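Keep the viewer open and follow along.

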2 protein chains.
Amino acid sequence: MKVVKTIQEVKDAVQVWRAEGQDIALVPTMGFLHNGHKSLMDKARKENDKVVVSIFVNPIQFGPNEDFATYPRDLEHDRAVCEAAGVDLVFAPEKEEMYKDGFCSFVGMNVLTEELCGKSRPCHFQGVCTVVSKLFNIVTPDRAYFGQKDAQQLAIIKRMVLDLNMNVKVIGCPIIREADGLAMSSRNTYLSAEERKAALILSQTLDLAEKMAKEGGYDAKSLLNALKKNIEAEPLARIDYVEAVNVLTMKPVEELSESTLVAMAVYIGKTRLIDNRMILGGEQ
Amino acid sequence: MKVVKTIQEVKDAVQVWRAEGQDIALVPTMGFLHNGHKSLMDKARKENDKVVVSIFVNPIQFGPNEDFATYPRDLEHDRAVCEAAGVDLVFAPEKEEMYKDGFCSFVGMNVLTEELCGKSRPCHFQGVCTVVSKLFNIVTPDRAYFGQKDAQQLAIIKRMVLDLNMNVKVIGCPIIREADGLAMSSRNTYLSAEERKAALILSQTLDLAEKMAKEGGYDAKSLLNALKKNIEAEPLARIDYVEAVNVLTMKPVEELSESTLVAMAVYIGKTRLIDNRMILGGEQ
């Protein structure tokens with residue numbers, strides 16, 4: 001496994017692989033890899049000849065008061081995770097390599113970016129679309145793997161690829177959870193022991209959502225009221241949003257259906273966590 | 001020469017060429033082809049195995065009060081021009097093929113889009129960047145050819161390719177002029193006989209700019225004052241802008257140098273024409 005820091009080194013490797021007729025996977029990450037990332041790499045490993053993992057904490061997708069500076073980083077650990085997963089190439093650039101002097105371009109989207117995380121994190125998805133576009137052009141992957149935990153990000157990237165005719169298949173992979181249900185996230189490392197327990201409120205509330213939806217008799221409003229009440233009973237939790245949306249458009253729905261995604265962002269202390277579920281078992 | 005209307009047909013042709021190891025040129029146009037376009041095709045023909053010309057009047061680069069509806073179109077004529085130039089594939093999609101239901105993505109830029117045409121045509125360059133990104137992804141050209149007449153567009157596309165790591169070489173080609181000096185443009189067809197004569201004021205003013213710059217003794221301000229006075233003496237002309245800018249950044253300069261581009265947009269009657277020149281012979 002090679003670890004490289006420059007775009008040219010990636011392009012050189014890709015050129016050789018292309019000449020050999022190999023197909024190429026990309027798993028874009030911000031590093032501090034956990035089993036959620038590992039599940040993406042495992043799927044990529046099974047479905048492709050070559051697997052590239054990018055590790056880049058992308059400054060332009062963080063707001064001015066967000067956790068760019070403190071976002072956890074551990075390249076040595078990440079390298080070991082990638083090696084064990086059979087990754088071929090790790091691309092871990094510095095920000096100066098990705099955003100050169102005079103950088104001023106962007107890729108973005110109307111519509112899908114307005115709800116959910118887009119409301120509380122303006123510019124976040126423009127930063128995501130821009131860096132993902134760059135990574136797609138650098139790696140030219142046949143397939144790219146993203147976690148369903150970032151459900152809105154996944155929907156946005158699928159739309160971007162469709163709209164801009166990008167030559168890559170975007171593959172969403174299921175949320176990986178700790179044994180007690182907490183969705184894996186690099187940001188879980190921010191949690192104190194007490195907060196770690198309180199953080200279970202997210203997955204536990206999604207369990208409740210699924211149970212209620214399967215029982216029937218609820219519209220989105222009555223379901224969401226029950227979910228909010230459930231979260232508010234946890235003293236360390238503060239709701240950013242809890243919504244029932246159409247999984248393709250990310251627009252709030254009134255009636256629950258197979259295409260309904262319940263998505264939430266909840267602060268546990270100072271840590272903002274997200275989680276989501278297709279509550280009637282539809283495809284994400 | 002094939003003429004196709006769907007993205008899939010282009011991708012199919014490109015896939016075959018790629019498998020054969022052919023290199024591919026793209027000449028993006030809005031059709032109503034003239035000798036300016038022909039010069040792009042000729043250069044593309046010389047430098048590549050396969051030449052694709054796109055013909056698409058891109059709705060999203062026109063403002064609400066601009067000439068999208070009346071922009072001249074003549075696919076039969078265009079087809080003959082392409083055939084004669086040895087083009088391999090013409091891609092002439094309808095707007096529904098390029099912008100499907102729910103289309104909501106965009107590619108754009110800060111900085112370079114603020115001056116010159118960006119001032120009088122807000123959103124224009126976002127429309128250009130978006131459609132050119134799509135065309136690059138559809139055709140995956142090795143080289144793409146653009147006219148220097150649209151100097152700001154050329155600078156913006158070069159910057160976009162650099163910033164987003166697109167795998168294409170952007171090649172700017174000299175302005176082609178009528179015998180009397182008028183820069184060729186599909187919009188020249190809007191001009192009445194009287195306006196056609198008055199339109200010479202653009203190139204004649206650039207001749208003056210070049211002469212003054214080579215004489216020396218002028219800064220940008222004194223030069224531009226003289227150029228504006230020269231244009232204002234033509235009763236049918238109304239200045240949109242006349243600027244001396246750095247050719248890379250499109251920012252106004254104070255001193256004249258090899259990197260200075262004089263660019264102008266002037267209404268002749270209702271028709272907005274543009275022209276520009278590197279007044280001290282620098283590279284564009």
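Start with Gln153(A): leaving aside residues up to four places away in sequence, Gln153(A) touches Phe125(A), Val128(A) and Phe146(A). Bear in mind that this is a predicted model. To find the residue, go to helix 7 of chain A, residues 151-163, where Gln153(A) lies. Is Gln153(A) buried or exposed? With a relative accessibility of 14%, Gln153(A) counts as buried, because buried here means under 20% relative accessible area.

Why look at this residue at all? In an unreviewed entry, UniProt lists Gln61(A) and Gln153(A) under "binding site". The listed positions are spread over 93 residues of sequence, yet they cluster in space, with a largest C-alpha distance of 11.5 Å.

Now for the other glutamine. Gln61(A) sits in a loop of chain A, the one between strand 3 (50-55) and helix 3 (75-84). Gln61(A) is buried too, as its relative accessible area is 9% and the cut-off for buried is under 20%. Its side chain makes a polar contact with the side chain of Asn58(A), at 2.9 Å. Not counting residues up to four places away in sequence, Gln61(A) also touches a set of residues that includes Met30(A), Glu66(A), Arg121(A) and His124(A). Val128(A) is on the contact list of Gln61(A), and Val128(A) turns up among the contacts of Gln153(A) as well.

| Residue | Where it lies | Relative accessible area |
|---|---|---|
| Gln61(A) | loop between strand 3 (50-55) and helix 3 (75-84) of chain A | 9% |
| Gln153(A) | helix 7 (residues 151-163) of chain A | 14% |

Next, move along to a sheet in chain A. Three strands make up this open sheet, in the order 8-9-10, and their pairing is antiparallel. Strand 8 (237-246) and strand 10 (271-278) are the edge strands, each pairing on one side only. On average, neighbouring strands of the sheet are turned by 15° against each other, ignoring direction.

How many bridges join strand 8 to strand 9 of chain A? Nine bridges do, and strand 9 covers residues 260-268. As one example, Ala244(A) has Val262(A) in strand 9 as its bridge partner. Helix 9 of chain A (residues 200-215) lies across strand 8, strand 9 and strand 10, and runs at about 20° to strand 10.

Finally, zoom out to both chains. The same surface serves both copies, as 100% of the contact residues of chain B recur in chain A.

Technical notes. Residues numbered from 1 in each chain as written. Chains lettered and ligands numbered in written order. Predicted model: local features only at pLDDT ≥ 70, side-chain atom pairs only at ≥ 80, totals over all residues. Heavy atoms only, no water. Helix = DSSP H or I, 4+ residues; strand = E, 2+ residues; numbered from the N terminus. Buried < 20%, exposed > 50% of the residue type's maximum accessible area, 1.4 Å probe, protein only. Contact = heavy atoms within 4.5 Å. Polar contact = N/O pair within 3.5 Å; in protein donor to acceptor, adjacent residues only side chain to side chain. Pairing = 2+ DSSP bridges. Axes fitted to C-alpha atoms, helices over the stretch in contact; angles between N-to-C directions. UniProt positions renumbered as here; feature names shortened; annotations may be inferred.
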